[in-house]
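Please look through the sequence and the structure before reading on.

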Amino acid sequence: MSSYLNLSGVNKMFGDFQALDDVNLDIERGEFVTFLGPSGSGKTTTLMIIAGFEHATKGRITIDGKPLDGLKPYQRNIGIVFQNYALFPHKTAVENVYFPLQMRGASRKEGLEKANQMLELVGLKGFSERHPKELSGGQQQRVALARALVFEPSLLLLDEPLGALDKNLREQMQIEIKRIQKRLGVTTIFVTHDQTEAMSMSDRIVVFDKGRIEQVADPLDLYHRPNTRFVAGFVGESNIMAGHVVDAAAGVAECAVFGTCRYPADARFSNGQAVNILIRPEHLKISRKAPESGEWATMTVDTIVNYGDNALVIGHSGDHPVRVRVLGADVVIIQEGEDCHISWQPDAVHIISEA
Ligand code: ATP
């Protein structure tokens, strides 16, 4: 069965500059998918092509099997929310939400009734008659969300919608958007460059870099099994060491810091192959005494960054920087400038091919 939204071989040139390079993607009906990537990686361009505000230089997009070619943005039945809300300043909240229904020929009575119901769903009951300037940033963004959803779009596109909000409000809105999306079951694409936001909200994450898709995976898979060094470095904190495979059949690699590393044997690697060896900071354990068994190395502590409930211990082992995440209580065993030991479980090691 084919997917609900399909992007096939999408390329975009701006003059000589290639903004998108062979983007292929399938999204299922009802999914919440996030586009994650650094600034300029092509997230917004992809979204704008889906919405019909930009045109692909090459490639094809279908929703529910129907090609979008030649359809104007308003003919695509797609709801969009931008970072800057883009509300009509002279219209009240309910008039803003009613607007897309008015454009689609709904009667005023029915349209306003539906707009009020939508405002209630986004938590703005009682705010219908306010103008945008009489609403907070978070409330304005809820109005924008209601306006994008009121006409029951085939697809909801959210382009960094929470970028202008402070941290607490942002977290509150993340939960709200998820709740509303689930309730309505609307297929959604959310653009962000904030990896924690992507991790906490998404069914699947699409990681972009330099106009290409690096990986598509569910949040935990992306975190524990990144395909590339870029993804490992962009999603979460990591220790990434250059190494090489010594026994592919047995799943053994070697690197300067971690010495011999065992990993689940995998046919993708061959003997002698150069690889990157990844261990997340929370998978390293610090101790004063050398562990009596298992895998371990020595480390000198340079800096301890305390976050209250946890701390990041930054140091080095030989010439290589090492980062260890410890729970608050554990940090008292070690001080800056001291030598210690780090140990880990073999199955915490993830191997990434170097290419
Ligand atoms: P951000 O997180 O900063 O919004 P992004 O991943 O959404 O970044 P895009 O806005 O898709 O990135 O831009 C991708 C690349 O295409 C960038 O290098 C950008 O400068 C370029 N680009 C985007 N729009 C145009 C345009 N209209 N003309 C020329 N280049 C453009």
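What percentage of the residues in the chain is buried? Buried residues make up 36% of the 355 residues; a residue is called buried if 20 or more other C-beta atoms, placed from the backbone, lie within 10 Å of its own. The model is predicted, with local features needing pLDDT of at least 70 and side-chain atom pairs counting only at pLDDT 80 or more, while totals for chains, interfaces and linings use all residues. Residues are numbered from 1 along each chain as its sequence is written.

**Overall picture**

The chain holds 8 helices and 20 strands. Both kinds of element are DSSP runs numbered from the N terminus, helices being H or I with at least four residues and strands E with at least two. The C-alpha trace spans about 75 × 45 × 35 Å along its principal axes. Of the contacts between residues at least 6 apart in sequence, 63% join residues at least 24 apart; a contact means C-beta atoms, placed from the backbone, within 7 Å.

Helix 1 (residues 43-51) is largely enclosed by the rest of the structure, because 7 of its 9 residues are buried. These are K43, T44, T45, T46, L47, I49 and I50. Just after the helix, G52 takes a positive phi of about 95 degrees.

The ligand is surrounded by F14, F17, A19, G37, S39, G40, S41, G42, K43, T44, T45 and H193, where a residue counts if its C-beta atom, placed from the backbone, lies within 6 Å. Helix 1 gives the most to this shell, with 3 residues. Strand 2 (17-27) also supplies at least two. By type, the shell has 3 nonpolar, 8 polar and 1 charged residues. Here Ala, Val, Leu, Ile, Met, Phe, Trp, Tyr, Cys and Pro count as nonpolar, Asp, Glu, Lys and Arg as charged, and the others, Gly among them, as polar.

In strand 7 (residues 155-159), 5 of 5 residues are buried. L155, L157 and D159 lie on one side and L156 and L158 on the other, so both faces are covered. The strand pairs with two others, pairing requiring at least two DSSP bridges.

| Parallel pair | Bridges | One partner pair |
|---|---|---|
| Strand 6 (residues 78-82) and strand 7 | 5 bridges | I78 and L155 |
| Strand 7 and strand 8 (residues 188-192) | 4 bridges | L158 and F190 |

From strand 7 the chain crosses through helix 5 (residues 167-184) to strand 8, and this β-α-β crossover is right-handed: with the strands pointing away from the viewer, the path from the first strand over the helix to the second runs clockwise.

Key. Buried ≥ 20, exposed ≤ 12 C-beta atoms within 10 Å, placed from the backbone. Contact = placed C-beta atoms within 7 Å.
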